[in-house]
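Here is a short report for a reader who is new to this structure. Take a look at the chain before reading on.

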Amino acid sequence: MNRMRLWLTKANPVVFVMFAGLAAFCAYFSMYAFRKPFTAATFDAVAGWDFALDYKIALVIAQVVGYALSKLIGVKVIAEMRPERRAAAIVLLIGFSWIALVLFALVPAPWNVVALFMNGLPLGLIWGLVFGFMEGRRTSEVLGAILCASFILSSGVVKSVGKTLMDGWQVSEFWMPAAVGVVFMPLLAISVIALAALPPPSAADEAERVARRPMMARERAAFLAAHWPMLVLLVGAYVMLTAFRDLRDNFAAEIWQALGYGDAASVFTASEGPVAVLSLVVMAVLIAVKNNGRALLFMHGVILSGFAILGASTLAYQQGLMSPIAWMIAGGAGLYLAYTPFNAMLFDRMIAYSGTVATAGFLIYVADATGYLGSVALLLVRNFGAVDLPWLPFFVAAAYATSLTGLVFVAGAMILLLRTRRDRSRASRAVGRDRVAVSG
């Protein structure tokens, strides 16, 4: 391990990015094999389930509640986590989640719903642990983009694997989630070993991106107090994105079925591949932007573009200008153009711009904890709301609501950022004039 770390310390930056990015991609990709496969099943007419709440919605809510609670816990845990403990924590948490999937298969309904809560509870911490290896580096944009591509692509892939196991290997829909996890265990082990070998950010990284250190309660409160107006607007937009993304992700089988593609396992992966590539390329461009303030403005622009594409593509589909697959790809591109920056680059650059010694994982978990509460609220509205819409019309309405709300919130955050940059510029010019006067 030490020999590999020494080699990576001296490696060419391109080699380092390829190694670190691939390790992070595979680690988080593998995590999705323990989280998302169950959504490939429809769970129709489940014996022992006699409640008004749809069984699959109950499973999704149980997992999302566990995941959201994990995000709340992560606000403290991820902010205070020591780097040397991350790798072991990833393995232990995912191992616990797999045991929960085995219990899901063994315990009959309705009690096995609790197993999905237990499955989601540890998995919410994995993103912060993996991203902790990526943040605070001059190459963080590229590394973060590669990591984000994993959750765009992996959800479709693991659901395709799950559907293949059910259709081709006759694995029951209850045992399928645990079986998919076993398939990805070797990849998880190799990728975590590779992450553990990564050296910490260099002195040059810290000079450009600010040192990253654990944040205690007082430091977290001080950061939130200093930046709360912008954070409220950004988190508000992120709540809409998270809720819509979870709706699209967890009920992809029902949505594709409504669009006429319910029998094709490959459709899950085919629709997400182009989306992952586009998001990766756009975010990787940011590495060329050295000024942290300009990078933040660029990201706000990308997020606004994503919200606009989501709304425009949905309108085009409704007007018959786009096929269902083209709409799902275009809408997914808009969704992830807006969603991806929140999970890595946006908060990493915000900390660098603020000049505060901190950790981006803290801000990501503040946003995530709030976002997944929004996801649960949307599911409850879908099941118990006064308007009983089929999946496709509900999905279309959610796309419009997400697009319009996000445009308003992020535009507001961008205005605040422009004012902050203007005030900093004025203060800098004033200091310059004072220095000239003193020297004169």
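Among contacts in the chain between residues at least 6 apart in sequence, what percentage join residues at least 24 apart? The figure is 85%. This is a predicted model.

## Overall build

The chain has 17 helices. It has 0 strands. There are 440 residues, and for that number a compact globule would have a radius of gyration near 22 Å. The chain has 22 Å, so the two agree. Along the principal axes, the C-alpha atoms fill a box of roughly 85 × 55 × 35 Å.

## Surface and charge

How much of the chain is buried? Of the 440 residues, 55% count as buried. The chain exposes about 17,900 Å². Carbon and sulfur atoms supply 69% of that area.

The chain carries 34 positive and 23 negative charges.

## The loop between helix 2 and helix 3

Helix 2 spans residues 13-35, and helix 3 spans 55-80. Phe 43 is found in the loop between them. Ala 45 has its place in the loop between helix 2 and helix 3 as well.

Phi of Phe 43 is near 50°, a positive value in a residue other than glycine. Phi of Ala 45 is also near 50°, again positive and again not in a glycine. Which of these residues is buried, and which is exposed? Phe 43 counts as buried because its relative accessibility is 3%, under the 20% cut-off. Ala 45 is exposed, with a relative accessible area of 83%, over the 50% cut-off.

Pro 110 sits in the loop between helix 4 (86-106) and helix 5 (113-123).

Helix 5 has a set of buried residues. They are Val 113, Ala 115, Leu 116, Asn 119, Gly 120, Pro 122 and Leu 123. What covers the buried residues of helix 5? The cover includes helix 2, helix 3, helix 4 and helix 6 (126-131).

Gln 257 is found in helix 11, which covers residues 252-259. Gln 257 is exposed, with a relative accessible area of 51%. Leu 392 is 135 residues away from Gln 257 along the chain. The C-alpha atoms of the two are separated by 9.3 Å.

Glu 254 forms a salt bridge with Lys 56. The closest N and O atoms of this pair are 3.3 Å apart. Glu 254 lies in helix 11 and Lys 56 in helix 3, so the pair ties together parts that are 198 residues apart in sequence. Is this pair buried or exposed? Glu 254 is buried, and so is Lys 56.

How many salt bridges does the structure hold? There are 10. Side chains of opposite charge can pair when their charged atoms come close.

One of the bridges joins Asp 167 and Lys 163, with the closest N and O atoms 3.6 Å apart. The two residues are 4 apart in helix 7 (residues 140-168), which means they are separated by about one helical turn. An α-helix has 3.6 residues a turn, so residues three or four places apart point the same way. Asp 167 is partly exposed, with a relative accessible area of 47%. Lys 163 is buried, with a relative accessible area of 13%.

Arg 209 forms a salt bridge with Glu 208. Here the closest N and O atoms are 4.0 Å apart. Arg 209 is buried, with a relative accessible area of 0%. Glu 208 counts as partly exposed, at 25% relative accessibility.

Methods. Residues are numbered from 1 along each chain as its sequence is written. This is a predicted model: local features need pLDDT of at least 70, side-chain atom pairs count only at pLDDT 80 or more; totals for chains, interfaces and linings use all residues. Side-chain values use heavy atoms; hydrogens and water are left out. The radius of gyration is taken over C-alpha atoms; the globule rule is 2.2 Å times the number of residues to the power 0.38. Buried means under 20% relative accessible area, exposed over 50%, partly exposed in between (1.4 Å probe, protein chains only). Contact means heavy atoms within 4.5 Å. Accessible areas come from the Shrake-Rupley method with a 1.4 Å probe; for residues, only the protein chains shown count as cover. Lys and Arg count as positive and Asp and Glu as negative; His and the chain ends are not counted. The place of a charge is taken as NZ of Lys, CZ of Arg, CG of Asp or CD of Glu. A salt bridge is a side-chain nitrogen of Lys or Arg within 4 Å of a carboxyl oxygen of Asp or Glu.
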